[in-house]
Amino acid sequence: MARLTRQEAQALTRETLLATAVEHFLDRGYAAASLDQIAEDAGYSKGAVYSNFKNKDELCAEVLGRIRLTKVGEITSQLGADSTLDDAVAEFARWAERTIGDKRWTLLEVEFSVRSRHSEEIREKIATGADQVRGLIAGVVQHLAESNGVTPTLDPNAAALRILSVGIGLGLQRAISPELPVDPLVDTLREILLGG
């Protein structure tokens, strides 16, 4: 087996630390997650954490970015080019039932967001992450509309804002009361694509 270059070794270290950090932050939350424990469980020193991430905030922001892109990527990958609108809405409903209100993810988002009260840097990271998610959602709305020959009731960017807003609100409620239905979110997508 060929020896890794310095850049490859650094990338592998960063990836291993990030993968370990995802589980630590999800299992423990922001406050209880320990950089020492993340480093140890990943098989590295705490110095390896600081050579890859400025601080705990930066690491948590990267963790949340990865989780968001993974969750949104799950639904975008399931909506193929040949999805009818009815199929897409049904697949979205199944995804929402599994995902919206995931207690570990939702409460980590809330806990990290509260930190933005005293940190403009954290607020900016959260805003950038939300922009990325809205962009992905807008792309899905546009793709579904174009591939099915319909005109959405809202511009894709406005649709993405509405879908994300309903999803966040519903996610917070379902993290506390998981029995709540995902219908408000599914109905929002349906109304945007099908007009009601």
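Colleague: Before we start, what does buried mean here?
Modeller: Buried means under 20% relative accessible area. Exposed means over 50%, and partly exposed is in between, using a 1.4 Å probe and protein chains only.

Colleague: And what kind of model is this?
Modeller: This is a predicted model, where local features need pLDDT of at least 70, side-chain atom pairs count only at pLDDT 80 or more, and totals for chains, interfaces and linings use all residues. Residues are numbered from 1 along each chain as its sequence is written, and side-chain values use heavy atoms, leaving out hydrogens and water.

Colleague: How many helices and strands does the protein have?
Modeller: The protein has 9 helices and 0 strands. Both are DSSP runs numbered from the N terminus: helices are H or I with at least four residues, strands are E with at least two.

Colleague: What does the C-alpha trace span?
Modeller: About 55 × 40 × 30 Å along the principal axes. Of the 196 residues, 40% count as buried.

Colleague: How much accessible surface is there?
Modeller: About 10,600 Å², with 52% of that belonging to carbon and sulfur atoms. The areas come from the Shrake-Rupley method with a 1.4 Å probe, and for residues only the protein chains shown count as cover.

Colleague: What share of the contacts is between residues 24 or more positions apart?
Modeller: Among contacts with a separation of 6 or more, those pairs account for 68%. Contact means heavy atoms within 4.5 Å.

Colleague: Switching to H8. How far does H8 reach?
Modeller: H8 covers residues 156-176, and its 21 residues reach 30 Å from first C-alpha to last. That is close to the 30 Å expected at 1.5 Å a residue. The expected span is 1.5 Å times one less than the number of residues.

Colleague: Which residues of H8 are buried?
Modeller: Pro 156, Ala 159, Ala 160, Ile 163, Leu 164, Gly 167, Leu 170, Gly 171, Arg 174 and Ala 175. They cover an arc of only 145° around the axis, which puts them on the same side of H8. The arc is taken from the directions from the helix axis to the C-beta atoms.

Colleague: Why do residues three or four places apart point the same way?
Modeller: An α-helix has 3.6 residues a turn, so residues at that spacing point the same way.

Colleague: What covers the buried residues of H8?
Modeller: The cover includes H5 (85-99), H6 (103-114), H7 (120-148) and H9 (183-194).

Colleague: What sits at the start of H8?
Modeller: A side-chain oxygen of Asp 155 comes to within 2.8 Å of the backbone nitrogen of Asn 157.

Colleague: What does Thr 188 contact?
Modeller: Arg 162, Ile 163 and Val 166, leaving aside neighbours within four places in sequence. Thr 188 lies in H9 and is buried, at 9% relative accessibility.

Colleague: On to H7. Which residues are buried there?
Modeller: Among them are Ile 122, Gly 129, Val 133 and Leu 144. Cover for the buried residues of H7 includes H4 (56-78), H5, H6, H8 and H9. The 29 residues of H7 should span 42 Å at 1.5 Å a residue, and the end C-alpha atoms are 42 Å apart, which agrees.

Colleague: What comes just after H7?
Modeller: Gly 149, with a positive phi of about 65°.

Colleague: Which residues are listed as "DNA-binding region"?
Modeller: UniProt's unreviewed entry lists residues 34-53. The chain there is 75% helix and 0% strand, and the end C-alpha atoms are 14 Å apart.

Colleague: What does the side chain of Asp 41 make a polar contact with?
Modeller: The side chain of His 24, at 2.8 Å. A polar contact is a pair of N or O atoms within 3.5 Å; within protein, one must be able to donate a hydrogen and the other to accept it, and residues adjacent in sequence count only if both atoms are side-chain atoms. Asp 41 is in H2 (residues 35-42). Asp 41 counts as partly exposed, at 43% relative accessibility. Not counting residues up to four places away in sequence, Asp 41 touches Thr 20 and His 24.

Definitions and conventions. UniProt positions are given in the numbering used here, feature names are shortened, and annotations may be inferred rather than shown by experiment.
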